[in-house]
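Please keep the viewer open while you read.

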Amino acid sequence: MAMNDLDEQAVAILRTNDRGGFTVPTARLYPFQWNWDSAFAALGFSTFDLDRAWREIEMLFEGQWPDGMVPHIIFRRDDPDYFPGPSVWGTEAEPPTSGHSQPPVAASVVRMLHDKDGSEAGTGRATALYPKLLAWHRWFHTARDPDGRGVIAVVHPWESGRDNSPDWDAALANVEPTAARSYVRRDTGHVDASMRPTQSDYDRYMSIVDSGRACRWQPACMADTGPFFAADPGITFVLMRADRDLLALAESLDIAEGHEEIADWIARAEAGIDRLWNDAVGGYTALDLKTGKSAGGLSSVAFLAWYAGLVESARADKLADGLRRFLDAAPFAVPSFDPTSAKFDRMRYWRGPVWAVINSLIGRGLAEAGHTKLADRVRRDTRKLIERAGFFEYFDPQTGAGAGGGNFTWTAATWLVWASPSASEV
Ligand code: DGY
């Protein structure tokens, strides 16, 4: 590809955040390997170093648990700059890891790497990863959907990857907080507190970690006795897409194992997703499985329905109206939460800011479903944000200012693979 200046900066960020086969999301704020960050990093590497791209995913699976779960953080070593570190999670995993997972985008990434690679070595690497991906998806469909509802739940807002989204407010309000004085946050030493989850949220995050540790992170214990269990439209859509990609990967690798099982998961999800449709807000919303209550507002992950391959027309039209409402209310697409809601907070992490990676998934889905104008707007805005502000963790949808961590791996990766004028991938 013909590189522009920002391409070169993005490549430099990936190389700087490389810790020897895996990438940290950004120095200091997130000093370990994070699950979905790493998968997106692999896509970025694939634009200039395919071998390194495969390595990123292979190192992610070094943290896979015997039951198939792929943890959201692989620590490898402690770092006093981050809280909560491995001793707080108490998982006894080797290498040390956190105790729950994160959105499973890796199968979709492996399919893309395999399509791009075409070499015998690439086929070998995809073939070796396939059973690991299959085991991880199986874990999600059982551990996080124990009643076979067809929607995937999270045991902690951190598992959704969207920590302080208003999606979790009501469910989190029922969690007994841990005393703030009993621990010291590190995140607010790196980033302004106004851009991070509140103290009250953190006290509840820590309380869920305490209960997970008491459950030894066993899924049944967490689902039954943990204080938080809520179905997540984000993970449900990401997994639905990842299942389709895993099936396509199996077919192109000529692997028979898993076909029927994956097809069943997809069918179950297509039937189950109705449970998350919320007519009052015109979209798919989170569902607290402890109380049966739906979250009352729309977050940007609702717009992953197209990416997941759901195109049922009446709902798709309503969703497109919702997306247009988001875009009319904010100059930069796509705010992570409804910009017309009282809960919208334009700089606070997942309560309003734009995330380039989510845009790339929404944009791909829109393009595939033929919503070309909306897809173009999402990609154009992402490009503009990065050109104006740089490779930030997230962006203010009103002013375009960058927020959170800088020199951010997944923003750089998203630029290279999708947002840059020189990107070849749609
Ligand atoms: C953090 O440390 O803020 C992460 O989002 C948890 O995964």
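In which loop does Pro 95 lie? Pro 95 belongs to the loop between H4 and H5, where helices are DSSP runs of H or I with at least four residues and strands are E runs of at least two, numbered from the N terminus. This is a predicted model, in which local features need pLDDT of at least 70, side-chain atom pairs count only at pLDDT 80 or more, and totals for chains, interfaces and linings use all residues. Residues are numbered from 1 along each chain as its sequence is written, and side-chain values use heavy atoms, leaving out hydrogens and water.

**Backbone features**

Glu 94 and Pro 95 are joined by a cis peptide bond with omega of about 0°. Another cis bond runs from Ala 333 to Val 334, with omega near -10°, and Val 334 is placed in the loop between helix H14 (313-329) and helix H15 (356-368).

Two arginines have a positive phi although neither is a glycine. Their accessibility classes are buried (under 20% relative accessible area), exposed (over 50%) or partly exposed (in between), with a 1.4 Å probe and protein chains only.

| Residue | Phi | Relative accessible area |
|---|---|---|
| Arg 76 | about 65° | 25%, partly exposed |
| Arg 216 | about 50° | 57%, exposed |

Arg 76 is in the loop between strand S2 (73-74) and H4, while Arg 216 is found between helix H10 (199-214) and helix H11 (219-225).

**Around the ligand**

The residues surrounding the ligand include Tyr 30, His 72, Asp 163 and Arg 196, each with a heavy atom within 4 Å of it. This shell divides into six nonpolar, one polar and two charged residues, with Ala, Val, Leu, Ile, Met, Phe, Trp, Tyr, Cys and Pro counted as nonpolar, Asp, Glu, Lys and Arg as charged, and the others, Gly among them, as polar.

A polar side-chain atom of Tyr 82 lies 2.6 Å from a ligand oxygen, and for Tyr 349 the distance from a side-chain N or O atom is 3.0 Å.

**A buried glutamine**

Gln 102 sits in the loop between helix H4 (86-89) and helix H5 (106-117). Gln 102 is buried because its relative accessible area is 4%. Its side chain reaches the backbone nitrogen of Asn 35 at 3.4 Å, and a polar atom of the Gln 102 side chain is 3.3 Å from the backbone nitrogen of Trp 36.

Technical notes. A polar contact is a pair of N or O atoms within 3.5 Å; within protein, one must be able to donate a hydrogen and the other to accept it, and residues adjacent in sequence count only if both atoms are side-chain atoms.
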